[in-house]
Amino acid sequence: MNNSALNKNNKHNLSITDEAVNRIKYIQENEGDGFLRITVDGGGCSGFSYTFSFDKSAKSDDIIAIKDKEGNPALVTDSTSLIYLEGSKIMWDDDLNGSAFTIDNPNATSSCGCGTSFSVN
């Protein structure tokens, strides 16, 4: 998977693969303008869990983590979630197990088999 050129000057130290960017564009083309929202919530098998949603409206505490080539938000999160996402790579996986956004998170010390739950030290 290639890292997208979107992230060369990413001040939030997040990266996104070309496959994930293409999936966001596909959703935008089929459902209208919007962006991928990722939040980290307490709970899940390992202590924290990721929530992925596609949103069309911004919230007051949104942080635009990654912009597309036109400068529009592609991925947003909140300040608390960003602490746990720092240094992560956002990916789109499409394999025999299904298709989903996934995260390679260097802060996660362990994760659950579901892929959406993790723990940190």
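Visitor: Buried means under 20% relative accessible area. How does Asp 55 count, then, buried or exposed?

Guide: This is a predicted model, and in it Asp 55 has a relative accessibility of 17%. The cut-off for buried is under 20%, so Asp 55 counts as buried.

Visitor: Which side chain does Asp 55 meet in a salt bridge?

Guide: The partner is Arg 37, and the N to O distance in this salt bridge is 3.0 Å. Asp 55 belongs to strand S3 and Arg 37 to strand S2 (residues 35-42), so the pair links distant parts of the chain, 18 residues apart.

Visitor: And Arg 37, is that one buried or exposed?

Guide: Arg 37 counts as buried, with a relative accessibility of 6%.

Visitor: Which other residue meets Arg 37 in a salt bridge?

Guide: The side chain of Asp 62 also forms a salt bridge with Arg 37, at 2.5 Å from N to O. Asp 62 is in strand S4 (residues 62-67) while Arg 37 is in strand S2, so this pair ties together parts that are 25 residues apart in sequence.

Visitor: How many salt bridges does that come to?

Guide: The count is 2 salt bridges. Arg 37, Asp 55 and Asp 62 are linked by them in a network. As a general point, side chains of opposite charge can pair when their charged atoms come close.

Visitor: Let me step back. How many helices and strands are there?

Guide: The protein has 2 helices and 9 strands. Read from the N terminus, the order of elements is β-α-β-β-β-β-α-β-β-β-β. Of the 121 residues in the protein, 40% are buried.

Visitor: You mentioned S4. Which strand is joined to S4 by 5 bridges?

Guide: That is strand S5 (residues 73-78), which runs antiparallel to S4. Within this pairing, Ile 63 stands opposite Thr 77 in S5.

Visitor: What lies between the strands of that hairpin?

Guide: There are 5 residues between S4 and S5 in the hairpin, and Gly 71 takes a positive phi near 90° there.

Visitor: What about the sheet with S1 in it, what is the strand order?

Guide: It is an open sheet of 3 strands, ordered S1-S6-S7, and its pairing is mixed. Strand S1 (15-16) and strand S7 (98-104) each have a single partner strand and stand at the edges, so one side of each is left without a neighbour in the sheet.

Visitor: How many bridges join S6 to S7?

Guide: Strand S6 (residues 89-95) is joined to S7 by 7 bridges, and the two run antiparallel.

Visitor: Where do Tyr 50 and Phe 118 lie?

Guide: Tyr 50 lies in strand S3 (residues 48-55) and Phe 118 in strand S9 (residues 117-119), so the pair ties together parts 68 residues apart in sequence. Tyr 50 and Phe 118 are both buried.

Visitor: Which residues form the aromatic cluster?

Guide: One cluster is formed by Phe 48, Tyr 50, Phe 52, Tyr 84, Trp 92, Phe 101 and Phe 118.

Visitor: Last topic. How many cavities of 30 Å³ or more are there?

Guide: The structure holds 1 cavity of 30 Å³ or more. The largest cavity has a volume of about 30 Å³.

Visitor: Which residues line the largest cavity?

Guide: The lining consists of Val 21, Ile 24, Lys 25, Gln 28, Asp 68 and Ala 74. Helix H1 (residues 18-31) gives the largest share of that lining, with 4 residues. By class, the lining of the largest cavity has 3 nonpolar, 1 polar and 2 charged residues.

Notes. Residues are numbered from 1 along each chain as its sequence is written. This is a predicted model: local features need pLDDT of at least 70, side-chain atom pairs count only at pLDDT 80 or more; totals for chains, interfaces and linings use all residues. Side-chain values use heavy atoms; hydrogens and water are left out. Buried means under 20% relative accessible area, exposed over 50%, partly exposed in between (1.4 Å probe, protein chains only). Rings of Phe, Tyr and Trp (its six-membered ring) pair if their centres lie within 6.5 Å; planes under 30 degrees apart count as stacked, over 60 as edge-to-face and the rest as tilted. On a 1 Å grid over the protein atoms alone, a cavity is a set of points where a 1.4 Å probe fits but cannot get out, and a pocket is an open set with protein on both sides within 12 Å along at least five of seven lines; lining residues have an atom within 4 Å of a point. Grid points are joined across faces, edges and corners, and a volume is the space filled by probe spheres set on the points. Ala, Val, Leu, Ile, Met, Phe, Trp, Tyr, Cys and Pro count as nonpolar, Asp, Glu, Lys and Arg as charged, and the others, Gly among them, as polar. Two strands pair if DSSP finds at least two bridges between them. A salt bridge is a side-chain nitrogen of Lys or Arg within 4 Å of a carboxyl oxygen of Asp or Glu.
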